[in-house]
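Trainee: I would like to go through this structure with you. Could we take it topic by topic?

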Amino acid sequence: MRLHLSAKFRQVLGHAKDQASIGRAIVQNYNEKSFFDIEVAVVRATSHDDCPVGDKTMHEILFLVSNTPGAVPFLAEQISRRLAKTRDYLVAGKTLLLIHRLLRSSSRCIEQQLHIAHTSGHLQIGCCWFMMSQDHPSFAFLQNYVAYLEERVGWIINQAGKLEPVMSGGTKCSRYKEKSMDLVFHILPKCQEFIAKVLKCSPVDVWPMDNLVQAATGSILKESFHVYMTYSDGIAALSNMLFDLSRPARDLACGMLRKASQQIEDLRVMYEKCRGFTGMKSLDYPSVQAITMDHIVALEQCSSYNTCAGSVLKRTGGERGFSVSTNLRDSVTCNEKIASTSLFLLPVETKISMVWVVFDNEESDKPTESI
């Protein structure tokens with residue numbers, strides 16, 4: 001009974017705080033009425049009740065921001081202020097969900113401007129009171145969710161609807177179309193950072209799972225599916241170009257492949273566990289292809305053989321079609337191929353002998369012919 005009254009009291013108090021925030025927005029006397037509407041919409045979307053961020057309020061915010069010049073920096077500041085001032089778990093969680101839904105909105109312009117607002121400091125995601133709190137398992141999830149959003153704001157949804165990272169200088173990376181070495185070494189670390197943040201947001205430690213955690217986890221999983229496909233393409237491209245790399249770059253590539261082996265296994269376990277949660281069974285989970293340490297060892301062995309052979313593979317690789325295999329048994333085949341290609345590397349000299357040879361079936365009195 002006391003717990004029920006306490007929850008009711010917090011709900012009434014939270015509603016009063018929301019009305020006070022709306023009242024402060026009225027007396028601000030903004031030059032643009034749309035700014036007032038945006039602030040009120042943010043308060044309503046992140047209210048103290050247990051209801052998720054409504055689609056109607058979300059569409060209202062997108063409409064106001066799309067039709068008001070300079071609205072995105074103002075929206076980012078309002079969200080940051082709401083996140084910094086609140087001491088309520090629901091308000092903080094719903095504010096993070098609002099940021100995530102804005103990043104996932106269909107408007108690429110708003111998404112790009114939010115990225116700029118985060119870079120310029122208008123959007124501050126990490127200024128939350130719960131970042132240093134360990135009172136509840138859900139707080140730990142919110143902390144990991146903040147870290148995920150800090151990483152997610154550095155990614156953009158391209159025209160094909162896929163996530164791709166925004167590199168330094170605003171350059172966006174294509175999805176391994178050219179299989180450039182520089183491209184692979186830039187985008188694979190970004191994928192690994194993204195997957196690492198996804199793994200920390202695993203909801204298996206949060207039980208029972210409330211609506212807020214379930215909604216956040218569903219969005220995280222959907223985005224991880226896209227990044228995993230890019231991740232897989234990058235690993236395949238890196239494996240194919242492994243023998244074209246210099247020794248320092250090859251060592252770095254093998255380290256990245258080792259990390260990818262562990263991450264993909266953890267991601268597979270996370271997907272299997274999330275399939276058992278209500279509301280996540282119908283998601284379009286990808287087929288995760290495991291990379292065992294045997295595969296990595298085989299690549300490293302072939303790499304070491306390639307280093308010992310030196311220019312052998314460079315001269316014979318293109319003509320003989322030398323290929324990289326990720327099978328442990330093929331490490332022996334790799335060794336055999338290198339040995340076979342090195343058999344005829346030295347130039348063969350042919351000397352003509354001038355020695356007279358006598359055959360038994362010929363008469364001894366006849367002179368023999370020289371060879």
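Trainee: What share of the contacts with a separation of 6 or more comes from residues 24 or more positions apart?
Mentor: Such residues account for 72% of those contacts in the protein chain. Please keep in mind that this is a predicted model.

Trainee: How many helices and strands are there in the protein chain?
Mentor: The chain has 13 helices and 2 strands.

Trainee: And how much of the chain counts as buried?
Mentor: Of its 371 residues, 44% count as buried. The chain exposes about 20,700 Å², and 54% of that area is supplied by carbon and sulfur atoms.

Trainee: Let us turn to salt bridges. How many does a search of the whole structure find?
Mentor: The search finds 9. One of them joins the side chains of E151 and K190, at 3.6 Å from N to O. E151 belongs to helix α7 (residues 137–152) and K190 to helix α8 (residues 181–200), so this pair ties together parts that are 39 residues apart in sequence.

Trainee: Are E151 and K190 buried or exposed?
Mentor: E151 is buried, because its relative accessible area is 9%, under the 20% cut-off. K190 is buried as well, with a relative accessible area of 18%.

Trainee: Which residue forms a salt bridge with E223?
Mentor: The partner of E223 is R152, and their closest N and O atoms are 2.9 Å apart. This pair links distant parts of the chain, as E223 is in helix α9 (residues 211–240) and R152 is in helix α7, 71 residues apart.

Trainee: What are the relative accessibilities of E223 and R152?
Mentor: E223 has a relative accessible area of 2% and is buried. R152 stands at 0% and therefore counts as buried.

Trainee: Which residues are linked with R152 and E223 in a network of salt bridges?
Mentor: R104 and E111 are linked with R152 and E223 in that network.

Trainee: What about E265 and R268; how far apart are their closest N and O atoms?
Mentor: Those atoms are 2.7 Å apart, and the two residues form a salt bridge. E265 and R268 are 3 residues apart in helix α10 (residues 247–274), so about one helical turn separates them. E265 is partly exposed, with a relative accessible area of 30%, and R268 is partly exposed at 32%.

Trainee: Changing topic, how many aromatic pairs does the structure hold?
Mentor: It holds 7 aromatic pairs. Among them is the pair of F35 and F74, which is stacked, with 4.7 Å from centre to centre and 20° between the planes.

Trainee: Where in the chain are F35 and F74?
Mentor: F35 is in helix α2 (residues 33–45) and F74 is in helix α4 (residues 71–85), 39 residues apart, and the pair links distant parts of the chain. Both F35 and F74 are buried.

Trainee: Which residues form one aromatic cluster?
Mentor: That cluster is formed by Y148, W155 and F194.

Trainee: Finally, α5. What does this helix reach from its first C-alpha to its last?
Mentor: Helix α5 (residues 89–103) has 15 residues and reaches 21 Å, close to the 21 Å expected at 1.5 Å a residue.

Trainee: Is α5 mostly covered or mostly uncovered, and which residue caps its N-terminal end?
Mentor: Helix α5 is mostly covered, with 13 of its 15 residues buried. D88 caps the N-terminal end of α5, where a side-chain oxygen of D88 lies 2.9 Å from the backbone nitrogen of L90.

Note on methods:
Residues numbered from 1 in each chain as written. Predicted model: local features only at pLDDT ≥ 70, side-chain atom pairs only at ≥ 80, totals over all residues. Heavy atoms only, no water. Helix = DSSP H or I, 4+ residues; strand = E, 2+ residues; numbered from the N terminus. Expected span 1.5 Å × (residues − 1). Buried < 20%, exposed > 50% of the residue type's maximum accessible area, 1.4 Å probe, protein only. Polar contact = N/O pair within 3.5 Å; in protein donor to acceptor, adjacent residues only side chain to side chain. Contact = heavy atoms within 4.5 Å. Areas by Shrake-Rupley, 256 points an atom, 1.4 Å probe, with all protein chains shown as cover. Salt bridge = Lys/Arg side-chain N within 4 Å of Asp/Glu carboxyl O. Phe/Tyr/Trp six-rings, centres within 6.5 Å; stacked < 30°, edge-to-face > 60°.
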